[in-house]
Amino acid sequence: MLESIIAREIHEKGPLSQSRFMELALQHPLYGYYRSQESVGQDFTTSPEISQVFGELIGAWALDYYLKLNQPKEVSLIELGPGKGTLMADFLRTVRLSKFFSEATNVTLVEINPLLKAVQREAIKFPTTWVERLEDVPNHSCPLIILANEFFDALPCNCYTRKDNVLYERRVGIQEGKLIFTPIMLNESQGPDQTWEESPLAIILIHEICTRLLNQMGVFLCIDYGYKEGSGDSLQTLFKGEPSNPLAHIGRSDLTCHVNFGQLKEVALSRGLGTLGPLSQRQFLKTMGLDMRIEMLKRENPSQKTNLEVAATRLTHPQQMGTLFKVMAVFSPPTIKPAGFEE
Ligand code: SAH
């Protein structure tokens, strides 16, 4: 179905940019992957699903920030793309350790998949508001804590290549009735030969986050796989857990690109916010006390010893999620620094 919608748009307008193709494949109101999956995690496993410790440590990180803010009476906690709600459920268990923090916290989840709302409600068991876009969250005057784990990588992005001082963009066209990737020559462009990606939606979103943090103060924690700087083509497709062709199984496979943290950081700095990271997930979780928490859980549940150790390794090992996954914080005012980034 999505194939024919995409083909029609190509016939009308010519080859689609990669980001428009991804937007239709992932977000089409009826058939987009992120609108129609009854759950997440069939195609990929995220950190909160590996261990409760992940959400708990982010809860501890937020509690530290709340204390640094001098325990305001109200805090707005927003999660972008909460999936099954696991991170938030584990996070809130830590929040409940502080009476002040738990009474001050309002939870808003930004989620486009209507089918996931019930899953999230069941997991979280906390008064919650749902919206489809960050823009729909009403402006309050209270400080904000915004979380995003594996959210930015789901945002559509474009892919450009400069070769021999000519700029090309990867588009999606049709050849003999089949969707194909095709490079389109844009213009002359001086510079070294290279390939890079840009996500227009990620840039709009980080600007929106910065505006809100500047108006209300607070912090944004972004965790995702990505790079600080660099170039390349990182479009990946997973279908039933296996790498697949992005132009096959449209709407039924997950499309992602690595997050260009350098670009997000540049926007935040240009808007006058404080930033820390990107730092490896390994270093962030270890600084936040992962090893201690795992030891504690092992003592409480000796039968789970091996599972706990395997989970900790998956989250932190350089060859698993430890290094490719990065953590970055953006905050306002820049003087109130969140924990976890100490060298
Ligand atoms: N954060 C979760 C899930 C990651 S998968 C975890 O770590 O397990 C991406 C999540 O973002 C899903 O819940 C998906 O439905 C949601 N999502 C994807 N694109 C979105 C968009 N443009 N707006 C809002 N939610 C989106």
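Predicted model: local features only at pLDDT ≥ 70, side-chain atom pairs only at ≥ 80, totals over all residues.

Mentor: Helix α1 covers residues 2-13 and helix α2 covers residues 18-27; their axes come within 10 Å and cross at roughly 150°. Angles over 145 degrees count as roughly antiparallel, so α1 and α2 are roughly antiparallel to each other. On the α1 side, the contact is made by Leu2, Ile6 and Glu9, and α2 brings in Arg20, Phe21, Leu24 and Ala25. Sort those contact residues by type and you get five nonpolar, two charged and no polar.

Now have a look at another pair, α5 (residues 52-68) and α12 (residues 290-300). Their axes come within 11 Å and cross at roughly 125°, which makes α5 oblique to α12. The crossing of α5 and α12 is right-handed. Here Gln52, Val53, Glu56 and Leu57 of α5 touch Leu290, Arg293, Ile294 and Leu297 of α12. That contact divides into five nonpolar, one polar and two charged residues.

And then there's the ligand, with 18 residues around it; Thr46, Gly81, Gly83, Glu111 and Asn149 are the closest. A ligand oxygen sits 2.6 Å from a side-chain N or O atom of Thr46, and an oxygen of the ligand is 2.5 Å from a side-chain N or O atom of Glu111. With Gly83 it's the backbone: a polar atom there is 2.9 Å from a ligand oxygen.

Note on methods. Residues numbered from 1 in each chain as written. Heavy atoms only, no water. Axes fitted to C-alpha atoms, helices over the stretch in contact; angles between N-to-C directions. Helix = DSSP H or I, 4+ residues; strand = E, 2+ residues; numbered from the N terminus. Parallel < 35°, antiparallel > 145°, perpendicular 65-115°, else oblique. Contact = heavy atoms within 4.5 Å. Nonpolar A, V, L, I, M, F, W, Y, C, P; charged D, E, K, R; others polar. Near = heavy atom within 4 Å. Polar contact = N/O pair within 3.5 Å; in protein donor to acceptor, adjacent residues only side chain to side chain. Left-handed = near helix turned anticlockwise from the far one by under 90°.
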